[in-house]
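Colleague: I'd like to learn how to read a protein model. Could you walk me through this one?

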Amino acid sequence: MAVAELGTVVLDCPDPRALASFYAGVLGGTVETEGEADWVDLRLPGGRTLAFQAAPGHVPPKWPAPDGSQQFHLDLTVEDLDSAEKEVLALGATVLEAGDRGRGWRVYADPAGHPFCLCAC
């Protein structure tokens, strides 16, 4: 029996509204604020929420970092890697590792430096 249920994944970042807008462009959904500049929710289709919290001293994780941790990353499932890549780059993502273009995943960083993967799995 589970003790808890996952509520919301929260990303620390320097600008919550900007990062929520980036992920709204990638995942869809609605950006919601409750008057607080330091917390923004992204209500995703299907009922999930991704939240963004202001962290003025935010230091992006390094990837790859054999001597450190990437902290966490999101795997985002897509139908077409090439098409999805063009769209996330246009939204402000950067390529961390495209690797073998024939494999089923590629690694990017969001505008605040958090790694995420596009996966055609």
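Colleague: Let's start with histidine 114: is it buried or exposed?

Modeller: This is a predicted model, so everything here is computed. The idea is to look at relative accessibility, where under 20% means buried. Histidine 114 comes out at 3%, so it counts as buried. You'll find histidine 114 in the loop between strand 7 and strand 8.

Colleague: Which side chain does the side chain of histidine 114 make a polar contact with?

Modeller: That partner is the side chain of histidine 58, at 3.4 Å. If you skip residues up to four places away in sequence, histidine 114 also touches Leu11, Leu19, Phe72 and Tyr108, among others.

Colleague: What about glycine 28, where is that?

Modeller: Glycine 28 sits in the loop between helix 1 and strand 2. Its relative accessibility is 24%, so it counts as partly exposed. Leaving out residues up to four places away, glycine 28 touches Tyr23, Leu42, Leu44 and Pro45. Glycine 28 and leucine 44 are 16 residues apart along the chain, and their C-alpha atoms are separated by 6.4 Å.

Colleague: Now helix 2. Which of its residues are buried?

Modeller: First, the general idea: an α-helix has 3.6 residues a turn, so residues three or four places apart point the same way. In helix 2, the buried ones include Leu81, Ala84, Glu85 and Val88. Looking down the axis of helix 2, its buried residues fall within an arc of 105°, so they line one face. Lys86 and Ala90 are exposed on the other side of helix 2.

Colleague: And what covers the buried residues of helix 2?

Modeller: The cover includes helix 1, strand 6, strand 7 and strand 8.

Colleague: Last one: how many residues does the largest nonpolar core have?

Modeller: The largest nonpolar core has 23 residues, and Leu19, Tyr23, Leu50 and Phe116 are among those with the most contacts inside it. Helix 1 gives the largest share of this core, five residues. Take leucine 50 as an example: beyond its neighbours within four places in sequence, its contacts include Val9, Tyr23, Leu27, Leu42 and Leu74.

Notes: Residues numbered from 1 in each chain as written. Predicted model: local features only at pLDDT ≥ 70, side-chain atom pairs only at ≥ 80, totals over all residues. Heavy atoms only, no water. Core = buried A, V, L, I, M, F, W, Y, C linked by side-chain atoms within 4.5 Å. Buried < 20%, exposed > 50% of the residue type's maximum accessible area, 1.4 Å probe, protein only. Helix = DSSP H or I, 4+ residues; strand = E, 2+ residues; numbered from the N terminus. Contact = heavy atoms within 4.5 Å. Arc of directions from axis to C-beta. Polar contact = N/O pair within 3.5 Å; in protein donor to acceptor, adjacent residues only side chain to side chain.
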